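Please read this briefing alongside the sequence and the model. It goes topic by topic, in short points.

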Amino acid sequence: MGADVLERMNRGLIMRTGAYLTNDHFVISSGRHAQEYVEKRLVTTEPPFTEGLGEIIAQHFAASPADVVLASGIGATILGHCVARAHPSRPKLLYAVKGKGKDGKTHVTLPREFSPFIYRGCSALIVEDIVTTGSTIHSLIQLVKGRGGRVVGIGSLWNRNPRIKFAPPFFALVTQDFHTYLREECPLCRKGTPLNTEVGALVGAPTRRGRGARRAGS
Ligand SMILES: [Zn+2]
């Protein structure tokens with residue numbers, strides 16, 4: 001089966017969680033407009049789907065023994081649990097806590113109780129839900145390396161940045177960025193399509209007319 005066919009199937013799976021919305025009119029966090037949106041909080045709401053997606057990632061890295069699966073953030077950790085559960089080397093599941101450094105950049109810290117599990121020579125599989133800038137993943141790689149461990153792979157559901165590069169092997173179920181528009185150039189605005197205020201940067205704004213976002217494919 002070709003990689004493109006697999007990717008289309010994976011995208012279908014993510015659509016069924018309700019997290020991938022399309023054929024609507026969104027304002028994303030940068031203020032740009034888009035016809036598609038991934039609501040990362042909705043990716044892990046359906047346990048059977050999360051388990052299925054976790055299994056695909058675990059199978060991809062089945063030949064890479066891992067002592068731990070490491071994630072950061074609630075959604076990524078729920079997914080990480082499913083990856084760890086399905087991985088043949090029965091890794092432990094750990095999470096790092098996210099924060100902002102004095103430089104304003106994302107940094108992650110390992111809760112002290114998890115310290116014994118990332119040791120010199122240990123193998124870690126990093127799991128992330130949606131990759132946008134990759135800054136969390138870079139921080140997690142540094143965390144593992146800083147403790148003398150080795151990252152055997154990085155698995156994610158959706159990579160929104162096709163140009164992103166990491167030193168360890170990187171696998172995303174779907175790699176796709178959305179076309180986004182400046183408001184002044186947005187073809188949906190030009191057509192008069194109402195903005196979705198229930199998803200995206202306009203949540204709570206009173207401008208929406210009509211119903212909420214349609215689930216893709218429904
Ligand atoms: Zn628009």
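**Helix 4 and its end**

Gly146 counts as exposed, because its relative accessibility is 65% and the cut-off for exposed is over 50%. The model is predicted. Gly146 lies in helix 4, which spans residues 135–146. The C-alpha atoms of Gly146 and Ile118 are separated by 9.7 Å. Along the chain these two residues are 28 residues apart.

**Zinc site**

- Four residues coordinate the zinc ion: His25, His33, Cys186 and Cys189.
- The donor atoms are NE2 of His25, ND1 of His33, and SG of both Cys186 and Cys189.
- Their distances to the zinc ion run from 2.0 to 2.4 Å.
- The arrangement is tetrahedral, because the 4 donor atoms subtend angles of 97 to 120° around the zinc ion and the limits for tetrahedral are 85 and 135 degrees.
- Along the chain, the donors follow the spacing H-x7-H-x152-C-x2-C.
- His25 and His33 are both buried.
- Cys186 counts as buried, because its relative accessibility is 1%, and buried means under 20%.
- Cys189 has 31% relative accessibility, so this residue counts as partly exposed.
- A search for disulfides across the whole structure finds 0.

- An open sheet is formed by 3 strands, in the order 2-3-11.
- Pairing in this sheet is antiparallel.
- Strand 2 (26–27) and strand 11 (180–181) are the edge strands, each pairing on one side only.
- Strand 3 covers residues 33–34 and is joined to strand 11 by 2 bridges.
- Ala34 has Thr180 of strand 11 as its bridge partner.

**Hairpin of strands 6 and 7**

- Strand 6 and strand 7 pair antiparallel over 4 bridges.
- The hairpin has 5 residues between its strands.
- Gly104 in this hairpin takes a positive phi near 85°.
- Lys100 belongs to strand 6, residues 92–100.
- The bridge partner of Lys100 in strand 7 is Thr106.
- Lys100 is in contact with Lys105, Thr106 and His107, leaving aside neighbours within four places in sequence.
- Lys100 counts as exposed, because its relative accessible area is 60%.
- Side chains alternate along strand 7, residues 106–109.
- Thr106 and Val108 point to one face and are buried.

**Nonpolar cores**

- The largest nonpolar core has 24 residues.
- Ile57, Val83, Leu157 and Trp158 have the most contacts inside this core.
- Two helices, helix 2 (47–60) and helix 3 (74–86), each supply at least two residues of the core.
- Strand 8 (123–131), strand 9 (150–159) and strand 10 (170–175) also each supply at least two.
- A second, separate core has 21 residues, including Ala96, Ile137, Leu143 and Ile154.
- Val83 touches Gly54, Ile57, Ala58, Val69, Leu125 and Val127, not counting residues up to four places away in sequence.

- Asn10 is found in helix 1, which spans residues 3–16.
- Is Asn10 buried or exposed? Asn10 is buried, because its relative accessible area is 8% and the cut-off for buried is under 20%.
- Asn10 touches Ile56, Leu173 and Val174, not counting residues up to four places away in sequence.

- Asn23 is not a glycine, yet has a positive phi of about 55°.
- Asn23 lies in the loop between strand 1 (20–21) and strand 2.
- With a relative accessible area of 47%, Asn23 is partly exposed.
- Arg90 is not a glycine either, and has a positive phi of about 50°.
- Where is Arg90 placed? Arg90 sits in the loop between helix 3 and strand 6.
- Arg90 has 64% relative accessibility and therefore counts as exposed.

Key:
Residues numbered from 1 in each chain as written. Predicted model: local features only at pLDDT ≥ 70, side-chain atom pairs only at ≥ 80, totals over all residues. Heavy atoms only, no water. Buried < 20%, exposed > 50% of the residue type's maximum accessible area, 1.4 Å probe, protein only. Contact = heavy atoms within 4.5 Å. Donors = N, O, S within 2.8 Å, 3.2 Å for Na, K, Ca; no water. Tetrahedral: all angles 85-135°; square planar, octahedral: opposite > 155°, others 65-115°. Core = buried A, V, L, I, M, F, W, Y, C linked by side-chain atoms within 4.5 Å. Disulfide = S-S within 2.5 Å. Pairing = 2+ DSSP bridges.
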